[in-house]
Amino acid sequence: MLLNIVVITLTGLGLFFFLATTVGILRFPDFYTRMHAAGKGDTISSLLILLGLALYNLHHLSLSTALVSIKIMMILVFFFMASPTATHAIIDAGYESQIEPWHNDEEEQA
Amino acid sequence: MIWSFDLLILLFMVICAFFVIQVKDLLGAAIVFGVYSFLMCLLWTEMGAVDVAFTEAAVGAGVSTVLFIAAVHRSSRQVKPRKRWRRPNKAVGLIAAGLLGGVLFYASVDFPDWADPSSPASTHLSPYFITEALADTSVPNLVTAVLADYRSFDTLFETAVIFVAGMAVFMILGQKTKESAQVGIDLTGGYEDTIIRVVSRALVPFMQIFALYVVGHGHHSPGGGFQGGVLLGATFVLLAISFDLKMVLGRMSEKKNLLLANTGVLLYSGIGVLSLLLGANFLDYSILHTLLPSTGPVVARSHAILGVEIGVAITVMAIIILIYTNLSSGGTNEKGL
Amino acid sequence: MELLISSYNYWIYIILMMIGLYAMLAKNNLIKKIIGMSIFQTAIIVFYVSISAKKDATIPIIEHGKGHGHSAVISAMDYANPLPHVLMLTAIVVSVGTLGVALALAQKIYDRYKTLEEDEILEQLQEQAVSDSVMTSSGCDNDK
Amino acid sequence: MVDFFMTVGIVLFLLLFLILHRTVMGPTIIDRIMGANVIGTKTAILLVIIGLIYGRVEMFVDIALAYAMLNFIVTIAVSRYFMHHKNLRPSGYGLIHKEKNE
């Protein structure tokens, strides 16, 4: 029962962060700020949801379920290495192709 | 199958497909097509076709998007508006698509209900595969058993088709003069991005081990030769993207690739010929137990399936690398994506 | 309503197929045409995988420990139909091969005509044909 | 608990619809890449959730892992395109043309 509460909390938090990511991606004014929301929120929400799933999988603790949980953690570790790299690559691509950052005082022109 | 997911994914897919053909920028179209393939993979998983989903994840979402990007990189990205004198084409397209849709909608009334267990497709041959495959081949993954044992002849020629496709790309693009394969490992050429390089160099060995696991574990979980081969090829594509085409070609030269592509098909058909020589039919693996010590005919089939999968994986890997290197460099093998 | 639930899957595959065919016929750009071809292929794969789905069936991999011994009997109703999966698995891998060939051909066309638009290529081909015929006819005149 | 994961999956789908809006409409091409990357990451999670709903998650984690890898490769490949071309809109006419101009 306690495990279920932990799982629901983790997954719900993950969904909350992903909701924030979505709002950021839709509402932020320019590419760099949107990428900020996407890069951070996406990674943390994936982390929390996958952690919840891995814990839920340990309901019937045995060697095989532990192995599956370790595999889910491997996905998590992969995300932790790959997602920031991908974010860096996308930001770099935008910077190289000269996207102008958004300035507050130019709001009327933009 | 999960009803609610199915409807959502299908709606998602129709939106994606509509926008793929509407986007005016070819790179954008390639990216939206990648998203379409991601969703396609989810659809297969949700319908229970895990092996198909694995293949789609590796091929559709990964490699074919990279191939589209490579082709757009070597050609143009622009879609020009059509000139006036060819306008009737649009009407022809609409009429043909409408006709096809009308005929198929009319025919869909006669289709069996979706997910009906007693539909004709699931009643004649497939119950035999489901109930007997484990006893016949001792392979729990029914898709692997049917792929590499019952329908082995078909799979042999599918592998040959991939081999021929790779050869065709090589013949179409590889006509230009090439530098000989002495290029070596050049870490300084091309655009340098330390973060991407370090991360890909750290990840690639683990990805390759995972790909080998996929090839070897295809008997018990989704996976097998096609999926593992594509994943192995994709790791080399990642190296070629994050470092340099020459770095990959220094390790996997074109000659080596061609040799490997041949070896895979040869391994597959060699197992078939071996069973022919031992007195059974072509690709009838159960006779191989006379060669393998302390195995019965059933386990021999399981071992031979592994051998066949390895052959498929080698060919698919070599052909994926061959297509990528030729396509991204325009056949010159000098500068890639 | 029953008709809708029992066959919406098929209808959506028909819609995807129509989109693919329209892109293949009406789009001017060669890469767009190739994308249309891929959509058409995936529509066919949706159809095949749809007919392999079964209600309340699990994935076609037999659980560990089942089928051995006398107690466990494998029932065909419990597993999705593996045969269409096999056919489509190879079809997907072959489709990446054909995609490679198609893209290689498109690249070769671009190298030669410097465009990927169908009408511009046709224009260039017609100009070339006209100039060729002029050349050959003048060549014939010279011979006479 | 399966119902809970079903709900999580459906909520994820509905949020992905919003991100798909950015992917297909995005003002620049790089917004599309960003949307595709987010959709790819969440698809890997949805694969694990589908596995839990089927009750056989050990068969699905391999697919999710392969999926995460290829999503990474695609994102790196698209961003590398801009290292060569550096133009946001498809105005220049490809690589060959550009080399000629230089």
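This dialogue looks at how the chains of a predicted model meet and at its largest nonpolar core.

Student: What makes chain D and chain C count as being in contact?

Tutor: Contact asks for heavy atoms within 4.5 Å, and by that rule eight residues of chain D are in contact with 13 residues of chain C.

Student: How is the size of that interface given?

Tutor: The size of an interface is often given as the accessible area lost when the parts come together. For chain D and chain C this comes to about 780 Å², with 59% of it on carbon and sulfur atoms. Helix α4 of chain D, residues 94-101, gives the most to the side that touches chain C, namely three residues, and the residues of that side of chain D divide into five nonpolar, one polar and two charged.

Student: Which residues have the most contacts inside the largest nonpolar core?

Tutor: They are Met13(B), Trp44(B) and Tyr324(B), in a core of 238 residues. Leaving aside neighbours within four places in sequence, Met13(B) is in contact with residues including Tyr36(B), Leu16(C) and Val46(C).

Student: Which chains share the most contacts?

Tutor: Chains B and C do, of the five pairs of chains in contact, whereas no contact joins chain A and chain C, whose closest C-alpha atoms lie 11 Å apart.

Definitions and conventions:
Residues are numbered from 1 along each chain as its sequence is written. Chains are lettered from A and ligands numbered from 1 in the order in which they are written. This is a predicted model: local features need pLDDT of at least 70, side-chain atom pairs count only at pLDDT 80 or more; totals for chains, interfaces and linings use all residues. Side-chain values use heavy atoms; hydrogens and water are left out. Buried area is the accessible area (1.4 Å probe) that two parts lose on being put together, summed over both. Helices (H or I, at least four residues) and strands (E, at least two) are DSSP runs, numbered from the N terminus. Ala, Val, Leu, Ile, Met, Phe, Trp, Tyr, Cys and Pro count as nonpolar, Asp, Glu, Lys and Arg as charged, and the others, Gly among them, as polar. A nonpolar core is a set of buried Ala, Val, Leu, Ile, Met, Phe, Trp, Tyr and Cys residues joined through side-chain atoms within 4.5 Å. Buried means under 20% relative accessible area, exposed over 50%, partly exposed in between (1.4 Å probe, protein chains only).
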